[in-house]
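User: I am new to this structure and would like to learn how to read it. Please take me through it one feature at a time.

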Amino acid sequence: MPLPFSDPIWQKPPAAPAFRSLLPGGQCADVVIVGGGILGLSTALHAARFGLAVQVLEAGEIGQGASGLNGGQLIPGLKYDPEWLLEHFGLERGEILVNFAASTADAVFELIRDEKAAGILQEGQAVSDSRRMLVYYRKSADGRLVLGGRGRMALPTSESDWAHLERALLRLYPALSGVAIEKRWFGRVAMTSDHLPHIHEPEQGLMAVVGCQGRGVGLMTALGERIAGYLASGDARQLPFPVSQIRPIPFHVFRQVGVAATIAWYRMLDAFER
């Protein structure tokens, strides 16, 4: 029976299912952990990540004891200063303890970050919305969430140039609020006036392809095979697009004004259609 005043606000929600065995009947566990507190659950999670079959045994509620009755503060390190640890345990063991103590807060934040991201795009989907000013996102091979969209015409100068994408990220996944953005980058989208890729051959055997309209991963992969076939055979039927002359884009000097106006118009249309 729980003691009086032993129900902190960060207990698991009442609707959470009771803990149960996750091992099929007859299967042996590699690790059995007694106690569903912070240490037991952290050990279980990381043991499972190492590929071990894990079972946690808890007589009461998960986090019922000292783990759930804390004050909600993440205090890094140990009670003693690094100098005391080095003097008391010696250089080798002392340095191990100093480095470990310095890592405890990071271990919590990394675990929170990993678990927040674990429920996102679990099947590895690559997603794009249907807006004119679209946002697209996917997970990288190492499990990090990558999100992109239309940027400024000018070169970015600070992290604030990505603020609109960070707002989109939190709109899609509010649980990621407070998770740090690790990397930002930008690139140009090669556009043509007719929105089709252009194949040029200014001299025989000298080929150039431009204008993927943001679809370069697929287009350039497929075109590489066709260009190689054309170079090997000289047969222009190998090419899906006709070879064209290089021509300047009319009024290109005003591109920034035109593109900026188009972006503003598209954003207004997207806002009306929400």
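**Reading the helix, the sheet and the loops**

Analyst: We can start with helix α3, whose buried residues are G94, A101, A105 and A117. The cover over these residues includes α2 (82–89) and β4. Keep in mind that this is a predicted model.

User: How should I read positions along a helix?

Analyst: An α-helix has 3.6 residues a turn, so residues three or four places apart point the same way. Among the buried residues of α3 are A101 and A105.

User: What span should helix α3 have, and how far apart are its end C-alpha atoms?

Analyst: Helix α3 covers residues 91–118, which is 28 residues; at 1.5 Å a residue it should span 40 Å, and its end C-alpha atoms are 39 Å apart, so the two agree.

User: Where does α3 bend?

Analyst: The bend is at T104 and amounts to about 40°.

User: Which strands make up the open sheet, and in what order?

Analyst: The sheet has 3 strands in the order β3-β4-β5, with antiparallel pairing. Its edge strands are β3 (127–128) and β5 (145–149), each of which pairs on one side only.

User: How many bridges join the neighbouring strands?

Analyst: Between β3 and β4 there are 2 bridges, and S128 has Y136 in β4 as its bridge partner. Strand β4 (residues 135–139) pairs with β5 over 5 bridges. Across that pairing, Y137 stands opposite L147 and R138 stands opposite V146.

User: What links these strands along the chain?

Analyst: Hairpins do. The one formed by β3 and β4 has 6 residues between the strands, while the one formed by β4 and β5 has 5. In the turn of the β4–β5 hairpin, G143 has a positive phi of about 90°.

User: How do I tell the two faces of a strand apart?

Analyst: In a regular strand the side chains alternate between the two faces of the sheet.

User: What should I look for in backbone angles?

Analyst: Most residues other than glycine have a negative phi, and most peptide bonds are trans. H195 is not a glycine, yet its phi is positive, about 60°. H195 sits in the loop between α4 and β6 (198–203). F251, also a residue other than glycine, has a positive phi near 60°, and its loop runs between α5 (216–233) and α6 (255–272).

User: Are H195 and F251 buried or exposed?

Analyst: The cut-off for exposed is over 50% relative accessible area. H195 is at 52%, so it counts as exposed. F251 is exposed too, because its relative accessible area is 68%.

User: What does the chain look like as a whole?

Analyst: The chain has 6 helices and 7 strands, in the pattern β-α-β-α-α-β-β-β-α-β-β-α-α along the sequence. Its radius of gyration is 28 Å, whereas a compact globule of 274 residues would have one near 19 Å. The C-alpha atoms fill a box of roughly 80 × 50 × 45 Å along the principal axes. Of the 274 residues, 19% count as buried.

Conventions. Residues numbered from 1 in each chain as written. Predicted model: local features only at pLDDT ≥ 70, side-chain atom pairs only at ≥ 80, totals over all residues. Heavy atoms only, no water. Pairing = 2+ DSSP bridges. Helix = DSSP H or I, 4+ residues; strand = E, 2+ residues; numbered from the N terminus. Expected span 1.5 Å × (residues − 1). Bend = angle between axes of the 7 residues up to and from the residue. Buried < 20%, exposed > 50% of the residue type's maximum accessible area, 1.4 Å probe, protein only. Contact = heavy atoms within 4.5 Å. Rg over C-alpha atoms; globule rule 2.2 N^0.38 Å.
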